[in-house]
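Trainee: Could you walk me through this one before I start clicking around?

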Amino acid sequence: MNSTVSPSSWAMQCTAFDTPRADALRVQSDVLVVVSAHGLIEEVIARDDPRWAAQRERHAAAGQLHALPAGSYLLPGLIDVHVHAPQWPQMGKALDVPLEDWLQQNTFPLEARYGDEVFAESVYRPLVRQLLANGTTTAMYFGTLHDNGNRVLAEQCLRQGQRALVGRVAMDEPSQCPAFYRDASAQVAIDGTEAFIDALARLPGNAAGLVLPVITPRFIPSCTDELLAGLGALAQRTGVHVQTHCSESDWAHQHVLARTGMTDAHALHRFGLLTRRTVVAHANFLTPADVALMADVGASVAHCPLSNFYFANSVFPARAGHAQRMGMGLGSDISGGYSPSMFDACRHAITASYALDEGVDPDLPAAQRGRHNARIDHVFALWLATAAGGAALDLPVGRIEAGQMFDAIVVDCDASDSNICIWPGSDSPADVLQKIIYNATRANVAQTWVQGALVHRRVAL
């Protein structure tokens, strides 16, 4: 590591928590995190490093030192790998109906409105603002099939400084898509997707690629084979990220089996849509062969624990998937999930794993009630929401270390309306992190940073 800090760099003095691996909590106490003018972490200087005092003094003298007060901690920015941006207005509604009815009666009529740029901006501006306020520094968004509405979403991410992946939704199967909301043909959807990829690259202010395109077939039931094959060919040709839904519910899983004669994962692979940069949402009903295929290809799962309770009637086995080398991240699944907080998503993932491990049917003996060895803890959950998500998206984010982008949040445990109660002299640093994961709300997100830029500030520290 080069010990010479560039003149344009700045530093944050802090205690930082991150999870470079699934079950490994790293506590870096009173370190200097040195950040370049381009937002890259140049180095993390430990308190016992002989250079620490001199580098601190140098940055302080230049007005380039941010020192966090006691009670505030640095965490990697939270990464949400599955958000339906147009569904923001219906978050918390219609969670009592089956998935197929929820789509047809509630979601599709709402999504059809995003051809109106004024309406799109009225939704997407507060959506991005609220996610940043909750500490979500990176979001992987489903858009709609409207070019102008998707452009508005990308522009809002750029203006507010959120790292994002935005997908033009493709859906053309008449039996599953209403006439008022579907692509006129497979070719229209393929051409529209390619045009959006090109338009995003040319979007003013996006030269650095803060917002990336995503090839987005909604899910196999809503797409014809022609569309799936065409988007697969586009993915293979361009290397662009891919997102879709996969084996989400009994209905969706059985529908694909009946139509294609194979599971979602294998069908997506056949169409060329399963790549190293593919993220499939839910994936509750993957077979052992599906998991092996996903691990071999390098594709990842967006684990959406809250919406799985409502629409999948199942729990994704995150612990087992990780043991089998399958990539994964954590998703809110707005609006199938009713909370925009990735801290909530962490807590729901832990709860779901306990339900899977122990079972929930009291009429069964305890030994027969669950799928044992399925539990995850707060460290695993934070890994899902940070480092794992960065790896799934193939982006240098999710850890506090040299070579990563400074996408981070400052958690203020002493906020006036905090639910976090730290007992000095009693709680170890590991205890503090556990309390953050279990108790933090947006009230504790004092600052949100993306690529070295302060994009949300609740309080000045």
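Predicted model: local features only at pLDDT ≥ 70, side-chain atom pairs only at ≥ 80, totals over all residues.

Trainee: Which residues does the cis peptide bond join?

Mentor: That bond links I334 and S335, with omega at about 5 degrees, and S335 lies in the loop between β13 (327-330) and α12 (342-358). Helices (H or I, at least four residues) and strands (E, at least two) are DSSP runs, numbered from the N terminus.

Trainee: And what is phi of N313?

Mentor: It is near 55 degrees, a positive value in a residue other than glycine, whereas most residues other than glycine have a negative phi. N313 sits in the loop between α10 (305-312) and α11 (318-323).

Trainee: Is N313 buried or exposed?

Mentor: N313 counts as exposed because its relative accessibility is 62%; buried means under 20% relative accessible area, exposed over 50%, and partly exposed in between, with a 1.4 Å probe and protein chains only.

Trainee: Switching topic, which residues touch the most other members of the largest nonpolar core?

Mentor: Those are L75, I215, V301, F343 and I436, in a core of 66 residues. A nonpolar core is a set of buried Ala, Val, Leu, Ile, Met, Phe, Trp, Tyr and Cys residues joined through side-chain atoms within 4.5 Å. A second, separate core of 29 residues includes L132, A154, V166 and V450.

Key. Residues numbered from 1 in each chain as written. Heavy atoms only, no water.
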